[in-house]
Amino acid sequence: MNFIQTILMGIVQGLSEFLPISSSAHLVFTSNFYKVLKGIEIAKQSNEEVFLDIMLHLGTLVAVLIFFRKDIWRILKALVVACKNRDFSNQDAKIGLYIIGGTIITIALALPFEKVADYLVYSPQIVGMLLVITGVVLFASEYMSKHMPAKKEHIDLKSSILIGLAQGLAVLPGFSRSGWTIATGLFSGLDRLTAARYSFLLSIPIILGASMVYPFIKIDVAEAVTYNWTAIIAGTVVSGLVGYLCIKYFLKFLAKFSLAVFGYYCIIVGLFTAVFFSIYK
């Protein structure tokens, strides 16, 4: 693990966590392309690399917490008041409940796929094909959205359940978390900005849970002392900075343009990666 590798992966994570192009797929691609260039065996991922992935996600978590700090604070206050008064009619309180429910649904669906997701880290050609599927889903969601008579500006129970299920499926590298959740929001009748904002807010509990739970369960403290912490911290900071800028400008992009460009990107990159690693293997 070196400085250049972590900086590169920090940039990739910051861009791909919030853009609908699958951050996990791009981390798999970047890591494995780097191994090809260095002549390192693909079917080998050190604990330090796994820990770096977690830290990079932590960096983007900080970015979304800072960017949506006012929304988060408003939702938390609304939840407290709603619990106190036993009245959840307030829209912010409802969003808080939907996020809690969506997170539970996500965990329930994601857990059975955990071993499959771990296996795919060493199968970039399969991840490439899953990224192609993500591209198709993005195109389909835009097509369906354009043919809906009206767009909803508020999340509802049905949409929150469907988006929670989509986030659960996105545990598989190549199935973009933001892509599948935003697309599902469009399928359920939400406008792009509402779907995107909810998608980002829904990511907070999952990323926070993974960032806190994983180190305590799987990291050997004695081994962790030997990690290149300077490089890991640098990559984490970069992922946070890039992630913050990505959220800011991606929301502005969605206000004017469709997801089609990301659909093309996913299909092209997915096919290229699938072919490259099939040949290389």
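Is R86 buried or exposed? R86 is exposed, with a relative accessible area of 78%; exposed here means over 50% relative accessible area, buried means under 20%, and partly exposed lies in between (1.4 Å probe, protein chains only). This is a predicted model, in which local features need pLDDT of at least 70 and side-chain atom pairs count only at pLDDT 80 or more, while totals for chains, interfaces and linings use all residues. Residues are numbered from 1 along each chain as its sequence is written, and side-chain values use heavy atoms, with hydrogens and water left out.

R86 sits in the loop between α4 (69-85) and α5 (91-110), and its phi is near 55°, a positive value in a residue other than glycine. Most residues other than glycine have a negative phi. S22 also has a positive phi, near 70°, and its place is the loop between α1 (3-16) and α2. S22 is buried, though, with a relative accessible area of 1%. Helices are DSSP runs (H or I, at least four residues), numbered from the N terminus.

**Helix pairs**

Now for how some helices pack. Axes are lines fitted to C-alpha atoms, for helices over the stretch in contact, and angles run from 0 to 180 degrees between N-to-C directions.

| Helix pair | Axes come within | Crossing angle |
|---|---|---|
| α2 (residues 23-38) and α13 (residues 260-280) | 12 Å | roughly 35° |
| α8 (residues 157-169) and α9 (residues 177-187) | 8 Å | roughly 155° |
| α3 (residues 47-67) and α12 (residues 229-254) | 7 Å | roughly 40° |

With its axis crossing that of α12 at roughly 40°, α3 is oblique to α12. For these words, angles under 35 degrees count as roughly parallel, over 145 as roughly antiparallel, 65 to 115 as roughly perpendicular and the rest as oblique. The α3 helix passes α12 in a right-handed crossing; handedness is right when the near helix is turned clockwise from the far one by less than a right angle, and left when anticlockwise. On the α3 side the contact (heavy atoms within 4.5 Å) includes F51, L52 and V64, and on the α12 side it includes I232, G235 and G243. By class, the α3 contact with α12 has 13 nonpolar, seven polar and two charged residues. Here Ala, Val, Leu, Ile, Met, Phe, Trp, Tyr, Cys and Pro count as nonpolar, Asp, Glu, Lys and Arg as charged, and the others, Gly among them, as polar.

The α2 helix passes α13 in a left-handed crossing. In α2, H26, F29, N32, F33 and V36 do the touching, meeting Y265, V269, F272, T273, F276, F277 and Y280 in α13. That contact splits into nine nonpolar, three polar and no charged residues.

**Cores and a buried leucine**

The largest nonpolar core has 49 residues, and V64, F68, Y198, F200, F250 and L259 have the most contacts inside it. A core of this kind is a set of buried Ala, Val, Leu, Ile, Met, Phe, Trp, Tyr and Cys residues joined through side-chain atoms within 4.5 Å. Helix α10 (residues 192-218) supplies the largest share of this core, eight residues. Apart from it lies another core, of ten residues, among them V12, F51, L52 and I232.

Leaving aside neighbours within four places in sequence, F250 is in contact with F18, L19, P20, I182, F200, L259 and F262. L259 turns up again among the contacts of L186, counted with that neighbour rule too. L186 belongs to helix α9 and counts as buried at 1% relative accessibility.

Conventions. Helix = DSSP H or I, 4+ residues; strand = E, 2+ residues; numbered from the N terminus.
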